[in-house]
Amino acid sequence: MKPRLNVIWNEIYCKRCILCVEVCPVGILSLEMDEIVEKPGCIRCYQCERYCPDIAIEVMDEGEKSS
Amino acid sequence: MIDRSYKELLKLKRFPHTWCPGCGIGAVLKNVAISLRELGWNDRNTTVVSGIGCSGRMAGYMNLDAVHTPHGRALTAAEAIKTVRPDLNVVVLSGDGDLGAIGGNHLLHTSRRNPNITVFCNDNEIYGLTGGQAGPTTPKGTKTITSPRGEIFQPLRLGRILTTQAPYFYARTTVYHLNHFKACIREALFWKGFSFVDIISDCIELNGRRLGFKTAHQMFKWFDERFHIVEGVRDHLKDDELGIAKREVEAEVKAEMEVEKEPKVLIEGLKLFTLEELKHFDGTDGKPIYIGYKGKVYDISTSPLFQGEKRMRCHIAGKDLTRDIEIAPHGEDLVYHFPMVGKLKVKAEAEK
């Protein structure tokens, strides 16, 4: 799994409904090889986390991000 | 920062849950858990009751006392619990097939007796668990597995049935209009009496694919086209309206008329807009984008999120967004960045 930049993705909970991919306003998430891949450029709008029906994606807190 | 303590109310060791990818029930479960957590309802003072169907599994995933009842009998069990233990908060999580079809009789009479319980109805307009047959709330003309040429009967309009006799609380919302959804959940939980939230949800695997949608998000967009949010509290909701209809006492003939009139002359330099005029300024054909907020009109053409689009998520340009902004995660200071260009005349709209 590729390193995470801004979001934590739970591979076990995720059912690949790609709701987060389509709901992202800046379009940085994508489904590649059965994995949710993120590109840099997250604006931390929390839309993916709010819409995810499986609690599988979470935006990292500011402190976690820097570490 | 976002509060994730709602996870204590979910049995995470049983996750991932059994629903299909993109199913709206997951969103209902999550948002109900968030709202219960915000109100401080926990396993000491809350019990959840669910019926049969995909949505009947919701109670099993909550870390609260849960009752899984026979088909259609969720409301009877809930009412019994409330009668014996009035100190408990009783929440019913069920679906439209369970509450509206086989449990229709119980729905009518429970709403008549008006116990203090809250019902969240996951309305996916289909019998989802059994494979996508036409249910009581399937809209006329919808193709399902049992109506390949389109459903021929009118759907059961739960909103009309439940708003005939006061006191009542009926809210209709969708899983797409998330802020509105959360506001409806919270108001329903606060309501003293029988409150019913009709959550229009998606069944992408067994209904959406047959209707030609590829992903859950396309179905959400379809909800956005079919329904629109209405402001304030209504007595009744039309079939394409999302909002809250509630009344505590039976309506009496109102003798008092509203004498108060909005003064025509306002601060100079500020144009007076009606809601009709405001609708034209939605950013199309190079026009500026105006929105209304608390009786004022703001020019938000410079907002980066509205560029080239008529809307930003649920905020629609050319509308009075007072209620939207109140329930939005951001504050009202975002609006005050933009220049004020006029005043909004709301009274005239209300009189019509």
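Analyst: Let's settle one term before the tour: buried means under 20% relative accessible area, exposed means over 50%, and partly exposed is in between (1.4 Å probe, protein chains only). This is a predicted model, where local features need pLDDT of at least 70, side-chain atom pairs count only at pLDDT 80 or more, and totals for chains, interfaces and linings use all residues. Residues are numbered from 1 along each chain as its sequence is written, chains are lettered from A and ligands numbered from 1 in the order in which they are written, and side-chain values use heavy atoms, with hydrogens and water left out.

With that in hand, I18(A) counts as partly exposed at 22% relative accessibility. Its phi is positive, about 45°, although I18(A) is not a glycine. You'll find I18(A) in the loop between β1 (7-9) and α1 (19-23) of chain A; helices (H or I, at least four residues) and strands (E, at least two) are DSSP runs, numbered from the N terminus. Y46(A), another non-glycine, has a positive phi of about 65°, and sits in the loop between β3 (35-38) and α2 (47-51) of chain A. Y46(A) is buried, with a relative accessible area of 13%.

Over in chain B, look at the prolines. The F15(B) to P16(B) peptide bond is cis, with omega near 0°, and P16(B) is in the segment before α1 of chain B. The bond from A166(B) to P167(B) is cis as well, and P167(B) falls in the loop between α5 (158-162) and β5 (168-174) of chain B.

Now for the sheets. Chain B has an open sheet of eight strands in the order β2-β1-β3-β4-β6-β5-β8-β7, with mixed pairing; two strands pair if DSSP finds at least two bridges between them. Its edges are β2 (65-68) and β7 (228-234) of chain B, each with a single partner strand, so one side of each has no neighbour in the sheet. On average, neighbouring strands here are turned by 15° against each other, direction ignored (axes are lines fitted to C-alpha atoms, for helices over the stretch in contact, and angles run from 0 to 180 degrees between N-to-C directions). Inside that sheet, β1 (residues 46-50) and β3 (residues 89-95) of chain B pair in the parallel sense over five bridges, with V49(B) opposite V92(B) in β3(B).

Chain B also has an open sheet of four strands, ordered β9-β14-β11-β10, again with mixed pairing. β9(B) runs parallel to β14 (residues 340-345) of chain B, joined by four bridges, and F273(B) has L344(B) as its bridge partner in β14(B).

On to the packing. A nonpolar core is a set of buried Ala, Val, Leu, Ile, Met, Phe, Trp, Tyr and Cys residues joined through side-chain atoms within 4.5 Å. The largest has 65 residues, of which L29(A), L36(B), M62(B) and F120(B) touch the most other members. Helix α1 (residues 24-39) of chain B gives the most to this core, with eight residues.
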